[in-house]
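This report describes the secondary structure and packing of the model shown below.

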Amino acid sequence: MVQVRQSTIIDAPIEEVWAILRDFNGHDRWHPAIASSEIDGGEPADAVGAVRHFRLADGGELREQLLALSDKDRRLSYCLLEAPLPLMGYVASIRLKPVTDGNATFWEWRSEFDPPAHRRDELVKLVAEDIYRAGFAAIRNLLARRDAAMPAEARPAIMPSRPTGAASRSIPAPAILAPSLDTRETTRAILVERYGGPEVLELKEIALPPPAPSEVRVRHTAIGVNFIDVYCRTGFFDLLRLPGVPGMEAAGVIEAVGSAISGLSIGDRVAYACPPVGAYAERRNMAPDLLVRLSDDISDETAAASLLKGVAASFLLHDVHAVRPGEVVLIHAAAGGIGQLLVQWARHLGATVIATVSSDDKARIVEGLGAHRVIVYSREDFAEAVMRLTNGAGTDVVYDAVGADTFGGSLAALAVRGHLVSFGQASGPIGNWDVGRFASKSITVSRPNYGHYTDAPEKLAPHVDRFFAALRQRAVRVGQPASYDLAQAADAHRDLEARRTSGALVLLP
Amino acid sequence: MTKVYVSSVIPAPAADVWKIVRDFNGLPGWAPFVAESRIEQNAHADRIGCIRSFTLKDGGRIREKLLALSDYDLSCSYAILESPMQVENYVATLSLTPITDGNLTLAEWQAEFDCAPGREAALTQQIGSGVFQAALTALKQRFGR
């Protein structure tokens, strides 16, 4: 039997915290791991014996039974009935206590269970961190957002209730608690509180603390919308922890700098294309390492619309596969944001460019960008078309971010010793392939990850410089991006996913 | 029966706070209103049933009997035998709970007692604010906040 015990202080009155936690069926509204929950048989959630049946964000299903609920002691106990993990005999309880000097709440979450010996440490860590500590953080964020949404003076003056005749509240609040509400700044941001469709992108007012000593604050002027934001929104990538603000690309102006920052000043124009998420906001704090300075000839909208795609195009065409003059290059989704850059840049590098698109309208766009041949893949088999256009030789390299629908065809379209660069899966996962069969053409397959080429200033800088140089030489052009108000982020995602767009999308705060 | 409850977050690990508060004869070392203290009959301060006799800075004298001491639960309970406060059946418990987030301590101090009708509010104020919370505030300051 192991015991797990975690506890914290929440800077809110005990009634507010208890109102959230006592709802045995409400955990899907605050805990980041939980996607949905319901009570079996439609019983009330506060009936002792009720069973909650819930689904995790990763798909696992669990059932837990309420063993005890006390509004007097503010304690709730429950046990696990069914789970995808061997948490044998798991019994847990949540207990709150008021902190009377101040208006805070002590929260303890503890449990006992019998794990299999070889998974003991792993399961203890999972329970302590991914369930309990993640829950603490989620409640803290939830309450901070409520504070932010409600001016301090408008908050209900809830006194912590104590047993009869409590002590006077004249003693000052403890210094370890968060700064007073009066000093909290807020910013408008798109907040994802649960993974799902575009409708989960909601505009909220959230707290914005002062930048840490090693951070700067950026006031965004334009925010890039990328397909990776969709993966974050749906929970496919774990880059966005709930509740969280999506977005990894933006341009703007430095508004404040932390005390340990040198080399950047208030008023500097910057852009970035990197994790952590948080770009769908008017303002944010972030580490400055991967900020890129903007020169006067690069507009904010251009930077926000193209930095991520431009940097990716740079390492795809120069590092993952160094495109040489005379090579035949196949580019899928060529009318999309990154596709347009790849077509122009590959042509500038001297390659013969074959592009695939989904419609005649998009074919015209891509022809205008300089593609030598354009295949409308909804009308003809692109692998056969490539073989016909290359007299049976195939292509030297394929850039494929479409995934499920194209991977097999891309392999078929390759020349002997060809290189398939699989850098996305907009149509779904590529599935399992027998690597042994790649020997039939001595095929190379690459699966590059953006972070591995850009997660340090010295890795990122050459690509940024090369991309901005290409923009200045007009080797690549970035069309006017389609722009949406920040509040309309959901519409932008709908259009992106419905493939109604060509070129880049930006949000304007 | 009247109840008093106060609590504070002490900015130190529970084991460190417990070293100070477990000494039933140690009030003068941290409670700002206690002048001196001794254990009657030369008993050990952690012997259940021992009696501490202490003098307040305002001159009052109090005798309290140790009812329970737990190094496992980090709690200490005692009853008042004699005091100038005119309370009966007074039993108090001081307990510590670790706050794992930040390695801090929740200190809770609660008491139950009987008193003459009409004196509940004044006694609650005196004990809760004047004694318990004042002592916990002193404990907090001792650990640097």
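## Strand pairing and helix packing

In strand 11 of chain A, Ala256(A) is the bridge partner of Arg217(A). The model is a predicted one. The pairing to which this bridge belongs joins strand 10 (residues 216–225) and strand 11 (residues 249–257) of chain A in the antiparallel sense, over 7 bridges. Strand 11 of chain A also pairs with strand 12 (residues 269–273) of chain A, again in the antiparallel sense, over 5 bridges.

The table collects pairings from both chains.

| Strands | Sense | Bridges |
|---|---|---|
| Strand 10 and strand 11 of chain A | antiparallel | 7 bridges |
| Strand 11 and strand 12 of chain A | antiparallel | 5 bridges |
| Strand 19 and strand 20 of chain A | parallel | 3 bridges |
| Strand 3 and strand 4 of chain B | antiparallel | 5 bridges |

Chain A as a whole contains 11 helices and 22 strands. Of its 509 residues, 44% count as buried. Among contacts in chain A with a separation of 6 or more, 62% come from residues 24 or more positions apart.

### The parallel sheet of chain A

Six strands of chain A form an open sheet with parallel pairing, in the order 17-16-15-18-19-20. Strand 17 (373–376) and strand 20 (444–446) of chain A are the edge strands, each pairing on one side only. On average, neighbouring strands of this sheet are turned by 15 degrees against each other, direction ignored.

Which residues of helix 7 (residues 382–389) of chain A are buried? They are Phe382(A), Ala383(A), Ala385(A) and Val386(A). Seen down the axis of helix 7 of chain A, these buried residues fall within an arc of 160 degrees, so they line one face of the helix. Their cover includes strand 15 (328–331), strand 16 (352–357), strand 17, strand 18 (395–400) and helix 8 (407–413) of chain A. Just after helix 7 of chain A, Asn391(A) adopts a positive phi of about 55 degrees.

### A helix crossing in chain A

The axes of helix 4 (residues 300–320) and helix 10 (residues 457–472) of chain A come within 9 Å and cross at roughly 105 degrees. Angles of 65 to 115 degrees count as roughly perpendicular, and helix 4 and helix 10 of chain A are therefore roughly perpendicular to each other. On the side of helix 4 of chain A, the contact is made by Gly310(A), Val311(A), Ser314(A) and Phe315(A); helix 10 of chain A contributes Leu460(A), His463(A), Val464(A), Arg466(A) and Phe467(A). By class, this contact has 5 nonpolar, 3 polar and 1 charged residues.

### The antiparallel sheet of chain B

Chain B holds an open sheet of 7 strands with antiparallel pairing, in the order 1-7-6-5-4-3-2. Its edge strands are strand 1 (2–10) and strand 2 (34–39) of chain B, and the twist averages 25 degrees from one strand to the next. Strand 3 (residues 51–56) and strand 4 (residues 61–70) of chain B run antiparallel, and Phe54(B) has Ile62(B) in strand 4 of chain B as its bridge partner.

Key
Residues numbered from 1 in each chain as written. Chains lettered and ligands numbered in written order. Predicted model: local features only at pLDDT ≥ 70, side-chain atom pairs only at ≥ 80, totals over all residues. Pairing = 2+ DSSP bridges. Helix = DSSP H or I, 4+ residues; strand = E, 2+ residues; numbered from the N terminus. Axes fitted to C-alpha atoms, helices over the stretch in contact; angles between N-to-C directions. Parallel < 35°, antiparallel > 145°, perpendicular 65-115°, else oblique. Contact = placed C-beta atoms within 7 Å. Nonpolar A, V, L, I, M, F, W, Y, C, P; charged D, E, K, R; others polar. Buried ≥ 20, exposed ≤ 12 C-beta atoms within 10 Å, placed from the backbone. Arc of directions from axis to C-beta.
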